[in-house]
Amino acid sequence: MKEFLEKLTDLLASIFGDGRRRRPIPQRPPELPPAPPPPPIADPDEPQDSSDVDPDDGVVISHESEPTDTDEENPEFEDNPAPPPTDDEPPIELDDNGGSVPTPPHPEHIARYVWCLDPGHGSKTAGKRSPKLADGERLMEYKFNRDILGRITNQLDLLGIRYYVTVPETDVGNFLQERVNRANRLSVNIPKIFVSIHCNAGPARSINDWTDDNVRGIETWHFHRSTKGKKIAGIFQRHLIEQTGFRNRHLRSKVTGQFYVLRATRMPAILTESGFFNNRFEVIELMKDSVRQKIADAHVLAIQEIERNGL
Ligand SMILES: [Zn+2]
């Protein structure tokens with residue numbers, strides 16, 4: 001009987017398969033070429049406009065007479081924080097020209113970096129001001145940048161964080177080469193980081209017109225081939241958005257036509273654009289003492305985070 005059952009089982013298995021044998025897999029149709037990627041979905045937070053470049057800054061760069069190959073400079077002397085000056089100009093010591101003597105120094109703080117703080121523009125910079133506000137005033141970008149800078153350095157003094165102000169004077173124009181030159185010549189025994197402080201302008205018909213209401217928010221720029229610069233920019237951008245609640249326009253960089261202060265500085269460098277002074281709603285915020293303090297606080301929090309953790 002057992003033998004019969006085994007034979008029967010074998011017979012059935014030979015006809016129907018024994019369950020362990022796989023049925024032949026139906027032939028699949030020939031592989032189709034991979035589907036093209038779906039079209040990018042517009043980020044509702046990302047204005048679809050061309051306002052990612054401060055237009056006047058862009059003009060300044062495009063008018064420079066340097067050869068275009070300087071776009072590819074990336075001279076970060078991070079492991080050699082005090083390179084000798086390449087020309088006959090003497091090195092700048094930290095306490096010259098706006099350097100900090102912390103008063104009182106934070107007892108536990110050991111400085112990791114010297115922060116080259118750069119207030120963008122000067123009183124002789126053309127443009128860089130808002131249309132007239134209701135009270136007839138205008139936001140002047142160089143004043144805004146210096147106000148933020150002062151709020152930052154007040155806190156850095158208390159924290160004992162070392163910094164150098166590239167352009168303490170106000171009666172200058174864009175002064176691009178000199179502000180970079182000073183930071184590069186600064187002779188210190190620890191690495192330097194360059195932070196240029198700005199607010200932004202979107203496209204507008206003229207200096208007396210507002211940009212589109214949707215052009216608003218904060219963005220931080222870094223040199224495209226600098227991983228440290230990108231990391232620093234990310235930390236600043238995060239704190240700026242957390243503190244202000246402004247729209248996040250994320251990190252920005254470009255391969256050519258990069259801001260001079262990002263490509264000519266011999267150290268990791270970033271540039272913050274904290275809001276649009278020619279957005280008729282955002283400029284009201286940028287004129288507020290409380291908002292300016294939040295923008296400055298964000299810069300200080302980012303500096304403290306990097307001082308604490310390193311790069
Ligand atoms: Zn600017």
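This is a predicted model: local features need pLDDT of at least 70, side-chain atom pairs count only at pLDDT 80 or more; totals for chains, interfaces and linings use all residues.
Of the 311 residues in the chain, 38% are buried. Among contacts between residues at least 6 apart in sequence, 83% join residues that are at least 24 apart.

The six strands form an open sheet with mixed pairing, in which the order is E2-E1-E3-E6-E4-E5. Strand E2 (163-165) and strand E5 (248-252) lie at the edges, each of them pairing on one side only. Neighbouring strands of the sheet are turned against each other by 20° on average, with direction ignored.

Within this arrangement, strand E6 (residues 269-276) is largely enclosed by the rest of the structure, because eight of its eight residues are buried. On one side, strand E3 (residues 192-200) pairs with E6 in the parallel sense over six bridges, and Phe194 has Ala269 in E6 as its bridge partner. Strand E4 (residues 218-222), by contrast, runs antiparallel to E6, to which it is joined by five bridges; here Glu219 stands opposite Glu273 of E6. E4 also pairs with E5, in the parallel sense and over three bridges, with Ile218 standing opposite Asn248 in E5.

Helix H3 (residues 141-159) touches strand E1 (114-119), E2 and E3, and its direction makes about 140° with that of E3. Helix H5 (residues 227-244), in turn, touches E3, E4, E5 and E6, and its direction makes about 170° with that of E4.

H5 also packs against helix H8 (residues 289-309). The angle between these two helices is about 145°, and their axes lie 8 Å apart, with H5 passing H8 in a right-handed crossing. On the H5 side the contact comprises Ile232, Ile235, Phe236, His239, Leu240, Gln243 and Thr244, which meet Val291, Lys294, Ile295, Asp297, Ala298, His299, Leu301, Ala302, Glu305 and Ile306 of H8. By residue type, the contact of H5 with H8 divides into 10 nonpolar, four polar and three charged residues. As a general point, residues three or four places apart in an α-helix point the same way, because the helix has 3.6 residues a turn.

The largest nonpolar core holds 55 residues, of which Trp115, Cys116, Leu117 and Val261 touch the most other members. Helix H8 gives the most to this core, contributing seven residues. When residues up to four places away in sequence are not counted, Val261 touches Asp118, Leu176, Arg179, Val180, Phe194, Ser196, Ala269 and Leu271.

Helix H4 (residues 176-185) has as its buried residues Arg179, Val180, Arg182, Ala183, Asn184 and Arg185. The elements that cover these buried residues of H4 include E1, E3 and helix H6 (260-263). Arg179 and Val180, both buried in H4, are also among the residues that Val261 touches.

Terms used:
Residues are numbered from 1 along each chain as its sequence is written. A residue is buried if 20 or more other C-beta atoms lie within 10 Å of its own, exposed if 12 or fewer, and partly exposed in between; C-beta atoms are placed from the backbone. Helices (H or I, at least four residues) and strands (E, at least two) are DSSP runs, numbered from the N terminus. Two strands pair if DSSP finds at least two bridges between them. A nonpolar core is a set of buried Ala, Val, Leu, Ile, Met, Phe, Trp, Tyr and Cys residues joined through C-beta atoms within 7 Å. Two residues are in contact if their C-beta atoms, placed from the backbone, lie within 7 Å. Axes are lines fitted to C-alpha atoms, for helices over the stretch in contact, and angles run from 0 to 180 degrees between N-to-C directions. A crossing is left-handed if the near helix is turned anticlockwise from the far one by less than a right angle, and right-handed if clockwise. Ala, Val, Leu, Ile, Met, Phe, Trp, Tyr, Cys and Pro count as nonpolar, Asp, Glu, Lys and Arg as charged, and the others, Gly among them, as polar.
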